[in-house]
Amino acid sequence: MRETQPFLSLSDNPYESLPDPWNFQRLKRLAPSLSCDVLSAIQRKARQWKRWLVTLALLACLLAITFHSKTDLPPVKPVDTVDAPPVPDYSVKPIAYIFPQYYPFPENDKIWGANFTEWNNVFQVTHNSLGLETIRPAESVGYYNGLDFSTRQRQGKFLLESGFYGAVYHHYWFAGKPVMDGVIQAMLADGEPNTPFMLNWANEPWTARWDGLDSSKTFIAQDYGSVEDWRKHFDWLLPFFRHPKYIRSEGRIQFLVYKPSHMGDLGPHMFAAWRQWALDEGLGGLDVIETRWRIAGDKWNQAIPDAMNEFPPHLGDVDGSRHSLTNRASRIYHRGTLVCWDSTPRHINDGQGAPQPFCHPKSFQQFIVRMLQRIKEDPNPRGAENFLFVQSLNEWGEGNALEPSKQFGDGYGRAMKKALEISNGRHLWPDQRLKATLQRTLELNGPENPPLDVCVLVRTDGRHGVSSTFNLPTMLGSLIGQKNQQWKAIVFQAVTALPGIEELLYQISDPRVKLVTTPGGLRDENNATDWAISQLNISDPNHCGSAKYLLITNGDKLYEPNAFNTVIGAKGTLLGMNIESRLSVWNSQNSSHILWEDRCRRLPIIPKLCTSAPPTSGPLDLSATFVSLPHLLRKRTIVSQLVSGFANSSLEWDWVSPLSDECHVLDNPSYTGCTRMGTFWLDSPVYSETGCYTTPEFQANFGSRITEFDLEGFRRSETATCLKYTKRKYCSIVSCENTTSSGF
């Protein structure tokens with residue numbers, strides 16, 4: 001076989017293997033008259049041109065191949081771009097539960113007697129075990145029939161005027177048929193209440209104790225049946241699901257189940273079937289919102305839910321101040337709270353009624369504000385709804401009613417509306433926080449940013465988490481609310497760790513607040529503070545260390561909006577602030593010798609609850625003192641010296657008292673700070689008892705003595721911010737003959 005010559009050889013000169021028409025012998029034959037020197041010169045030039053021609057030929061081939069490959073491909077059509085559908089903005093939709101047991105129906109007649117309604121329970125009792133009058137409907141509400149058109153119309157109007165988005169009706173289904181469905185059937189027929197709505201399947205059995213737990217006496221048992229039974233239930237629900245006002249989220253029907261754990265292993269399968277049938281029926285899908293219970297080891301709680309919701313007191317307790325503290329338990333999570341709690345009417349015979357003694361519209365308003373803040377800090381993914389479930393519009397048998405009452409009028413409705421207004425003006429959604437953070441960062445790094453006035457060192461620890469009344473997020477929020485915005489803050493954990501501190505600071509989303517990690521081996525908070533001061537960068541104009549004044553404080557203080565104005569134009573090395581504390585409140589008058597009648601009512605109008613404490617009268621209160629930062633660094637003064645060594649003239653510090661009586665700092669505890677946090681102040685003649693309390697804290701300290709306090713007076717007050725002893729008990733502690741009028 002003939003051997004094929006390669007196109008290019010592997011020699012150093014690839015052109016040597018090509019045919020050479022310009023060899024010397026051929027040129028001699030073509031031009032015999034030319035000399036050998038001339039012929040040699042022609043040969044050299046020809047070979048150079050040959051190399052250039054071969055190179056050009058190769059390049060031409062490559063271009064031809066490229067052009068040919070492109071022209072053989074089909075023409076590229078432009079891709080049609082599709083814009084994603086717009087995602088709805090974040091929002092909170094408050095939803096109130098409606099309890100339907102206010103009309104006679106056969107099952108109740110059989111169990112309790114003819115014409116029984118919830119009003120029968122309410123009628124039979126006037127006071128609870130604490131001596132407080134049980135909550136009763138106002139005259140404008142009356143003891144209504146829940147089927148009446150005018151009643152349902154009034155309820156819908158009340159909800160909308162109070163800021164609610166809609167209602168959730170308790171729905172009952174036993175043994176293949178509905179029970180107590182008259183109210184929702186009436187709503188379906190005539191449209192009242194004229195609000196968006198959803199249904200909550202109250203799926204536990206009916207028992208004598210009204211809580212589904214008394215298995216010794218069950219009136220109507222719950223049986224979930226087979227797939228055919230599930231379909232029958234679903235078909236019965238279809239007219240409600242198809243209603244134009246039925247509530248959806250991301251296009252899907254929202255359906256609550258009160259006690260999913262009672263369904264056992266059938267629950268996931270039933271709900272999967274319902275989701276499929278919802279798609280088959282053209283409803284766009286269905287989400288089951290499971291009510292969250294605290295049941296240890298509950299197998300059903302381990303399943304992945306579509307969504308979850310809170311329903312106090314099953315999660316948490318009856319104290320609304322605690323309801324914003326629970327952590328998210330699912331990707332879609334809806335928070336919930338209650339109005340009040342007094343189940344005395346439901347437990348006339350067994351004495352198991354549990355009254356919450358400190359219910360009041362004003363404290364409810366504070367709880368709702370904090371709940372709205374928590375929702376906005378940690379909302380559901382954008383596009384999904386954020387429902388706030390409030391229990392209840394009309395659970396009169398449990399003392400838990402938004403509707404106007406004899407005791408509070410329409411106070412709870414007005415409180416709800418006011419809370420929404422406050423939150424709208426105060427709290428930001430994540431997208432708003434991100435935008436504000438970036439804008440603030442640009443301002444801080446911009447050439448127009450003025451010098452810092454205050455560098456704040458915030459010492460925090462495990463006592464300052466969100467479960468505490470006075471906590472780190474609230475403290476930092478008081479810094480952000482300053483009228484003088486020329487400050488930066490460094491947060492550090494002085495002694496013990498604060499779990500989740502990184503997330504807490506992320507929720508604050510202010511670039512002026514930085515977290516630093518202290519090294520191990522620091523003895524105490526003063527030692528940790530000295531370390532933090534040593535880390536300040538005084539040469540960087542954008543660093544905290546460039547500030548005129550240093551404020552050393554703790555994570556449980558609050559600062560009034562005018563506090564940082566104190567340093568504007570100031571010259572002293574120590575600038576004092578006015579602080580309100582338990583001691584200043586006690587010392588504002590001779591608190592052990594005040595008339596019983598003046599207790600509590602004196603506090604909002606005492607002209608000077610705040611005082612300035614010059615360091616000559618005791619240790620320097622760093623949280624109420626602006627310290628000249630350049631002077632501190634120049635003198636190399638450590639914190640312990642600053643606190644206790646002011647009297648030493650060698651330190652060369654000068655104290656400047658506040659120029660006004662206005663308050664700058666609220667200590668933990670303080671009466672004013674207490675009122676802002678939704679807790680109440682105990683105005684006691686005993687100093688150690690005086691202070692700020694949540695309901696659980698008060699019951700832990702005084703539970704066995706609770707009837708010694710003026711609970712009725714607390715309820716009648718306009719603000720629900722202060723509690724005192726009954727007059728009889730007060731005079732047994734303090735001789736009333738030796739008390740004096742406060743002049744109020």
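This dialogue goes through a few features of a predicted model.

Q: What conventions apply to the numbering and to the predicted model?
A: Residues are numbered from 1 along each chain as its sequence is written, and side-chain values use heavy atoms, with hydrogens and water left out. Because the model is predicted, local features need pLDDT of at least 70 and side-chain atom pairs count only at pLDDT 80 or more, whereas totals for chains, interfaces and linings use all residues.

Q: How many helices and strands does the protein have?
A: Helices (H or I, at least four residues) and strands (E, at least two) are DSSP runs, numbered from the N terminus; the protein has 21 helices and 25 strands.

Q: In which order do the three strands of the open sheet lie?
A: Two strands pair if DSSP finds at least two bridges between them. Here the order is β24-β23-β25, with mixed pairing, and β24 (691-693) and β25 (722-723) are the edge strands, each pairing on one side only. Strand β23 (residues 680-682) pairs with β24 in the antiparallel sense over three bridges, and F680 stands opposite Y693 in β24.

Q: Which residues of helix α12 are buried?
A: An α-helix has 3.6 residues a turn, so residues three or four places apart point the same way. Buried means under 20% relative accessible area (1.4 Å probe, protein chains only), and in α12 (residues 472-480) this holds for L472, P473, M475, L476, S478 and L479. The cover over these buried residues includes β13 (454-460), β14 (487-493) and α13 (501-508). In the protein, buried residues make up 52% of the 744 residues.

Terms used. Buried means under 20% relative accessible area, exposed over 50%, partly exposed in between (1.4 Å probe, protein chains only). Contact means heavy atoms within 4.5 Å.
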